[in-house]
Amino acid sequence: MVLDPFTLLVITAAMAAASALYLAAEWGSVRERSLLLWSAGFAIVAVGSSLALLRSSGYLLFGIWFPNGLLIVAHWLFLAGVAGFTRVRLPHAWWLLAVVWLAMLFLPDGPWWSKAMMCVQSVLVAITTLRAGLLLRPQGGALSVGAAQLRFVLLAHGLFYLAKAALAVAPEAIVNLASFRGAVIQISLVEGVMAIMLLAMSMTGTERHRREERIAQIAARDPLTALDNRRALHLRAPQLLEQASPASPGAVLLIDIDHFKQVNDLHGHDAGDRLLVGLSDLIRGALPHGALAARLGGDEFVILLRGVSAAAAQVLGQDLREAFAHQARAMFATPEPVSLSIGVALFDQPDKELSHWIKRADEALYASKRKGRDRMELDAFAPMQQH
Ligand SMILES: Nc1nc2c(ncn2[C@@H]2O[C@H](COP(=O)(O)OP(=O)(O)OP(=O)(O)O)[C@@H](O)[C@H]2O)c(=O)[nH]1
């Protein structure tokens, strides 16, 4: 097979069009703006390479500067898409690229035209692409596989265009943009086909991974309070439970609102919801580093503490009770005081499952309800009440 410029341009146009459609279809389900920008970028590459194709077949609709300009616009859209994905605002200075490009159109015709044009075009493409690659920096956690791939492809593509800019002005290089002559242009066409494929694949991978992360977050969260739900707690707890030892014990605090039904019955379900949100905010605020909190359902919450003494767990529970009772009193009047009952189970062995400790805490919670509510009871079998 001969990879002549015509064949490569046909492949480029077809792959860019397919990528544009693919990313647009992906946008149809994900609705992320970056997908639309990337799709538009590929559509422009498809138009640009089709124009170049027509040109090489004798249909001179525009000067070669036009498809070359489209290539810059396409890369600019790729950069805008990455900026959208990473939630970064691009400074207005990026519009200077258009100014530089337009200024190039006044370049006088001559033997250096193709070389100068290709050099400037390549530098502009390299700058936008490298910036896009650098925007995809890991922040906090690691980059997702898709985003890491996209970063790598963008950086490699940008460096290729930098090298292309340097090669274009090398004295011995043959560059004829209009007839696609010259080794640099041939190599660039091959690289272009590969870049389209890799960019489109990693762009979809990037967004898909983010969508999956969002779905996983939604699935793990209680929709009203935004605390973890029961399912997420059971997934995260083993890691915390495994750290328990006699030297570094942990605690489960099972929390239930007293007379919560009265708030619902007298002030409405929305008022009850506000109280649940208020309690979850108090819990979040009181949570030490490394602890877990979740809403198990209804008016029942759980806190899982690690590296804590019985006394410290009790202080946290006590503070929470006082703060909540104060908040509930200020929010709603009820015949019976709306307060918290808490059951605490302490553990210093890593070999039991969460459900075991919740059952123990539930027994302690039941004891506090039985003894008149608005109190905290410690699990009768607590292993180290002396802590
Ligand atoms: N507003 C609101 N109410 C809820 C929600 N989920 C459950 N409930 C209500 O919470 C109440 C919980 O009932 P209980 O815990 O048995 O009632 P209680 O008055 O707190 O009784 P004690 O715990 O024995 O003091 C019920 O009335 C449920 O309808 C919710 O998401 N929002």
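Biologist: Which residues does A20 touch, not counting residues up to four places away in sequence?

Modeller: A20 touches S39, F42 and A43, where contact means heavy atoms within 4.5 Å. This is a predicted model, in which local features need pLDDT of at least 70, side-chain atom pairs count only at pLDDT 80 or more, and totals for chains, interfaces and linings use all residues. Residues are numbered from 1 along each chain as its sequence is written, and side-chain values use heavy atoms, with hydrogens and water left out.

Biologist: Why is A20 called buried?

Modeller: Buried means under 20% relative accessible area, exposed over 50% and partly exposed in between, with a 1.4 Å probe and protein chains only. A20 has a relative accessible area of 8%, and is therefore buried. A20 lies in helix α1 (residues 5-30); helices (H or I, at least four residues) and strands (E, at least two) are DSSP runs, numbered from the N terminus. The C-alpha atoms of A20 and S39 are 4.2 Å apart in space, although the two residues are 19 apart in sequence.

Biologist: How do you know that the length of helix α5 agrees with its number of residues?

Modeller: The expected span of a helix is 1.5 Å times one less than its number of residues. The 23 residues of α5 (residues 113-135) should span 33 Å, and the end C-alpha atoms are 33 Å apart, so the two values agree.

Biologist: What makes α5 mostly covered?

Modeller: Of the 23 residues in α5, 18 are buried. For the protein chain, buried residues make up 48% of the 387 residues.

Biologist: Which residues come nearest to the ligand?

Modeller: H259, K261, D273, R295 and K369 come nearest, of the 16 residues around the ligand; a residue is near a molecule or strand if one of its heavy atoms lies within 4 Å of it.

Biologist: Which helix gives the most to the shell around the ligand?

Modeller: That helix is α10, with 4 residues.
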